[in-house]
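Here is a short briefing on one chain, arranged by topic. Keep the sequence and the structure open while reading.

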Amino acid sequence: MHPATAMASESCSLMWFRKGLRIHDNPALQHAANASTKCFPLFVIDPHYMEPDPTAFSPGSTRAGLNRIRFLLETLVDLDSSLNNLGSRLLVLRGDPSQVLIRCLKEWSISKLCFEYDTEPYYQALDAKVKNYASVAGIETFTPVSHTLFDPADIIHKNGGTPPLTYQSFLKLAGIPSWASSPLSTSLSSLPPIGNLGSLQVSAVPTLEELGYVDCSEDERTSFRGGESEALRRLRESIANKEWVAYFEKPKGNPSAFLRPATTVLSPYLKFGCLSSRYFYQCVQEVLRSVKRHTSPPVSLLGQLLWRDFFYTVAFGTPSFDRMRGNRICKQIPWKESDELLAAWRDSRTGFPWIDAIMVQLRKWGWMHHLARHSVACFLTRGDLFIHWEKGRDVFERLLIDSDWAINNGNWMWLSCSSFFYQCCFHFSLFFHPPKLQLLCCQYHRIYSPITFGKKYDPDGNYIRHFLPVLKDMPKEYIYEPWTAPLSIQRKAKCIIGIDYPKPVVSHDSASKECRQRLGEAYELNKKLGGMVRDEELNELKRRVEEQDKSMEYKTKRQKQTLIG
């Protein structure tokens, strides 16, 4: 048979992996396998996400820190192994994803393109290019919604074209997932073979070194290994304890528990789609049906998954969701600009051990407990430093292995009291999520103390001693406030404050008071103008606040001079 005739008689599908890096409950992969004679499982290494950026503040690429890149590579190796068991393998190419995809569609004579639908703006723009080409070329495109429990577009449509802005209204609109009562496809027996790869230079999953990361040695790194196999193992381990699942309730949890984290730590696996949120939902439902009593949303385990969908829906339906300006649901606040304070927070040099230890854990592990996230987010924004939530969001986006566009942005707005704070909220165990379950009209008056909050969970300061070994010999009476220790105690602990460990960058009492005042003024301006705050009005408020700061600094300086005199 002539090669062209043989090619024409074949039905070649391309399965484009991005998230959804799994075999179980993967409708796009299943559709790619159905009625296809050849199937090409593909992952494209996007240079701006994966290749080293020597100018970044931490090892990694332009967009991601080394921990998340390593986690992704481990996930891809695991996926490749699973595909091998099905008679296939993962094909890896590098380059601009849309250009690579279009070349593959041509070179491999693809008649069916399958990939999971993604609501993030980056993927929306990318997918539009690929779909347009496929449409013109007459290629079938199948893009199911399987990263979330619900289709965000359906929820928004039910709500009249805008996303619901409270959790309760979201629940009423969402109801029970349409697929919830039907068994999900959790396995495949085989996949069609890979066809002729043509001239494309396909590779195996690269190592960090092959991506250009020369020195990958670290004194301590994340203990969370990527991949579907590990995700399912962790899920089995979590749901095996039926009592724990049934009585799961937030805001309970210990942010200082690091040797054995007080949560499921399934968030990075859900972020990359190593674990299907739908399969997770069904597994939890099965446990709940077998017990007499259990907790309910918003504090239950299912409630946490529903919070995830809530943020995905609001993010998908809100233009400029990742920015303050142009974001209709975000309070306009005249945040400070201080690269020095931002760097001190980011690099664990604030002089507050509880805050600095959390930021060390973030850098080393790429993960920390949700209450620890609350503490450092509050400290950076409305609690002490009054730095823009977008700056903190960028640091989390880079360093977290579970960094998720919708959830990260939503929670930074929440914790900075820029949005969402007017409804009931609670601690979220799987992801970085909202504060305590209570109605808060003026939530900015409630601040996580960088001194007393951690002490409540870990009075001996073992968490601090682990992540800040410079303070390991500091007596527990001073571990959260080492600047108050007498010099003799500091010498004995081999840690002189101001030399071995920094002095506090601010006085918490005065800084938190100032933050509350600034937020109060910003709220009044937003209320007065119905949220339609223009740049000139925001800048004028910022100017007035800065003048007040200078006046306060002058008065403080005069008082000190008087006391000295």
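Asn-84 sits in helix H4, residues 66-85. At 41% relative accessibility, Asn-84 counts as partly exposed. From Asn-84 to Cys-515 the separation is 431 residues in sequence and 56 Å in space, C-alpha to C-alpha. The model is predicted.

- Five strands form an open sheet in the order E3-E2-E1-E4-E5, with parallel pairing.
- Strand E3 (91-94) and strand E5 (140-142) are the edge strands, and each pairs on one side only.
- From one strand to the next, the twist averages 25 degrees.
- Strand E1 (residues 12-17) pairs with E2 in the parallel sense over 6 bridges. Within that pairing, Ser-13 has Cys-39 of E2 as its bridge partner.
- On to E3, E2 runs parallel and is joined by 4 bridges. Here Val-44 has Leu-93 of E3 as its bridge partner.
- Helix H6 (residues 121-137) lies across E1, E4 and E5. H6 runs at about 175 degrees to E1.

**Strand E2, side by side**

- How many residues of E2 are buried? The count is 8 of 8 for this strand, residues 38-45, so E2 is mostly covered.
- Lys-38, Phe-40, Leu-42 and Val-44 point one way from E2.
- Cys-39, Pro-41, Phe-43 and Ile-45 point the other way.
- Both sets are buried. They include Cys-39, the bridge partner of Ser-13, and Val-44, the bridge partner of Leu-93.

**Helix H12 and its two neighbours**

- Helix H12 (residues 277-289) packs with helix H13 (residues 301-316) at an angle of about 155 degrees. Their axes are 10 Å apart.
- Angles over 145 degrees count as roughly antiparallel, and H12 and H13 are therefore roughly antiparallel to each other.
- The H12 and H13 crossing is left-handed.
- On the H12 side, the contact is made by Ser-277, Phe-280, Tyr-281, Val-284, Gln-285 and Leu-288. On the H13 side, it is made by Leu-301, Leu-302, Leu-305 and Arg-308.
- By class, the residues of this contact are 7 nonpolar, 2 polar and 1 charged.
- Helix H9 (residues 228-239) also meets H12: the axes come within 11 Å and cross at roughly 20 degrees.
- That angle makes H9 roughly parallel to H12, as angles under 35 degrees count as roughly parallel.
- H9 passes H12 in a right-handed crossing.
- H9 contributes Leu-232, Leu-235 and Ile-239 to the contact, and H12 contributes Tyr-279, Phe-280, Cys-283 and Val-287.
- The H9 contact with H12 has 7 nonpolar residues, with no polar and no charged ones.

**Helix H18**

- Cys-417 follows H18 and has a positive phi, near 60 degrees.

**Backbone features to check**

- Most residues other than glycine have a negative phi, and most peptide bonds are trans.
- Asp-25 is not a glycine, yet has a positive phi of about 40 degrees. It is found in the loop between E1 and helix H2 (27-33).
- Is Asp-25 buried or exposed? With a relative accessible area of 3%, Asp-25 is buried.
- Ser-109 is not a glycine either, and its phi is positive, about 50 degrees. Its loop lies between helix H5 (97-107) and strand E4 (112-114).
- Ser-109 is partly exposed, with a relative accessible area of 34%.
- Pro-297 and Pro-298 are joined by a cis peptide bond, with omega about 10 degrees.
- Pro-298 lies in the loop between H12 and H13.

Notes:
Residues numbered from 1 in each chain as written. Predicted model: local features only at pLDDT ≥ 70, side-chain atom pairs only at ≥ 80, totals over all residues. Heavy atoms only, no water. Axes fitted to C-alpha atoms, helices over the stretch in contact; angles between N-to-C directions. Parallel < 35°, antiparallel > 145°, perpendicular 65-115°, else oblique. Left-handed = near helix turned anticlockwise from the far one by under 90°. Contact = heavy atoms within 4.5 Å. Nonpolar A, V, L, I, M, F, W, Y, C, P; charged D, E, K, R; others polar. Buried < 20%, exposed > 50% of the residue type's maximum accessible area, 1.4 Å probe, protein only. Pairing = 2+ DSSP bridges.
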